[in-house]
Structure formats: C-alpha cells, structure tokens
Amino acid sequence: MKAMIFAAGLGTRLRPITDTIPKALLPLGGKTLLEYQICKLQQAGITDIVINVHHFADKIIDYLREHNNFGCNILISDERQQLLDTGGGLRKAANLLSGEENVLACNVDILSNISIASLIESHKQEDIATLVVSERDTQRYLLFDKQTNLMCGWTNIQTGEVKPNNQTVNYKTVNKLAFSGMQILSPRIFSLMDDIVKEKGDKFSLIDLYLTLCTTEHISAYVPANYHMMDVGKINQLQEAKQFAATVF
C-alpha cells in the first residue's frame, strides 16, 4: 500500500509560527508533525509515501533530505504554483500514486492512536473509500446510513445546511459522524474525478469529492475502537498537543 500525507497547507491558525516554517515542521516533543505521520505509517509497514508541498516547500524537501527520508521511499508532489486542497492535491499526485494498490491518505496535522492495520483490514474491495470518523462534538458532520454504514451526505448543524441537494435528514436513519482526516482510497477514485473538476476546477476538497460520489459509490465509515485524536491547529493547543503526542506514539 502507498500513502499520501497532505502537508501543503498554509497553517494560518498557527501564526506567527508558520510565518517562518511550514506547519508540517512544527516541533512537538522532539519530533515534527511530519515525522510523527511518517513514523505512524512505518509502524504499519507503509514506506512508499507521497507528500504534497506548497508553503515553505523547500524547507520540507530539505528536512526530508537531511533525515534520509526516514528510511522511506518518499516522493514530492509539488504544489508551489497553486495550492489545490486535499482532493485537488490527491488528483495532482495521481501519477505518483496510481496503480492497483489502495492509498492511505492523511492530514499532517492530525495526531491519533489509530491502528492503521485495523483500518486497512476494515476496507472492503467494493468501497471507493473508507473514512476514519468518530462521534466527537463538532459543527460539521458526515452522514452515514445506519443500515448500510455508507455515506449519504453532510451537514452543518449550526447553519442547518445539508449536502447534497439540501435534503431533509431523518436522524433516526443516519449516523452523524465527524471526519478525522484519514482514509483508505481505492485506486478507482482517480477515474471518478471528472465531474467535480468540471464543477470546481483543479482545487477541491476530498469532502467535496465524496459528496459527488456518495450517491453512486460505496463510501464507508470506520469508527476506531478506543479512539483518541487531536487536530493540531491552534497556538494555544501546542502544550496539550505535546502531551497528547507523547501518549500515542
């Protein structure tokens, strides 16, 4: 299996730190966010990794070179000309990822105690994607049919917005789950991006992609057992993030 780490973001919520370094190189207890993700993949036996870069791209490339790619086969997907979001970033990296293997894709800034081996085992051949989700409190949720465990929509509970088509949601028949920034993707997904590219252009999120596909393709939920995760996104979270990283790695 190959993996993709989304590391191209601007990290605006972590300013002023990210005025001089990319978010991926944020140090936490002796390791960077990027190193944590690479080590997590290595522990699961995944060493073929694609990393996309944009903000301070050269610093990430130099960092990887200085550390001999942490013993992995790492390829760079260069987004310096245009930041493409997660879906567009995945599409741009298609030539580095495509083949017959599934792809594990994850955000560089989310730490968790997930067992990647269990996630891989849960992925079914008929699924275009298996999304790591949880029951934590948030404003935006993915919706999954209770009977089939398949994604059927998205909602913002604060605004009442529902996608696709602003449908009425019967919460007795769906589970409301928060996305955790990690997924297993079938290689078939690369051939299913034409419609969203026509609608949004080269820049789009994976959530946008899933919403265009969920009515015709199988996108499953995976809720890890005893799951703990943290989105490292704010300056005032850094001390907590250091403590959290020490408990899950």
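Trainee: Which strand gives the largest share of the lining of the second largest cavity?
Mentor: Strand 7 does, with three residues. A cavity here is a set of points, on a 1 Å grid over the protein atoms alone, where a 1.4 Å probe fits but cannot get out, and lining residues have an atom within 4 Å of a point. Strands (E, at least two residues) and helices (H or I, at least four) are DSSP runs, numbered from the N terminus.

Trainee: What sort of model is this?
Mentor: This is a predicted model, in which local features need pLDDT of at least 70 and side-chain atom pairs pLDDT 80 or more, while totals for chains, interfaces and linings use all residues. Residues are numbered from 1 along each chain as its sequence is written, and side-chain values use heavy atoms, without hydrogens and water.

Trainee: Back to that cavity. Which residues line it?
Mentor: Gln 37, Lys 40, Ile 110, Leu 111, Ser 112, Met 182 and Phe 249 line the second largest cavity. Helix 1 and strand 7 each supply at least two of its lining residues. Its volume, the space filled by probe spheres set on the points, is about 40 Å³.

Trainee: How many cavities of 30 Å³ or more does the whole structure have?
Mentor: Two turn up in the search. The largest has a volume of about 60 Å³, and its lining includes Gln 37, Cys 106, Ser 180, Gly 181 and Tyr 227. Strand 12 gives the largest share of that lining, three residues, and strand 6 (103-107) and strand 7 (110-112) each supply at least two.

Trainee: Gln 37 again. Is it buried or exposed?
Mentor: Buried (under 20% relative accessible area with a 1.4 Å probe, protein chains only). Gln 37 is one of the buried residues of helix 1, as are Glu 35, Cys 39 and Lys 40. Nine of the 11 residues of helix 1 (33-43) are buried, so the rest of the structure largely encloses this helix.

Trainee: What follows helix 1?
Mentor: Gly 45, with a positive phi near 85°.

Trainee: New topic. Where is the cis peptide bond?
Mentor: Between Lys 163 and Pro 164, with omega about -5°. Pro 164 is in the loop between strand 11 (161-163) and strand 12.

Key:
Buried < 20%, exposed > 50% of the residue type's maximum accessible area, 1.4 Å probe, protein only. 1 Å grid on protein atoms, 1.4 Å probe; cavity = no way out; pocket = protein on both sides within 12 Å on 5 of 7 lines; lining within 4 Å.
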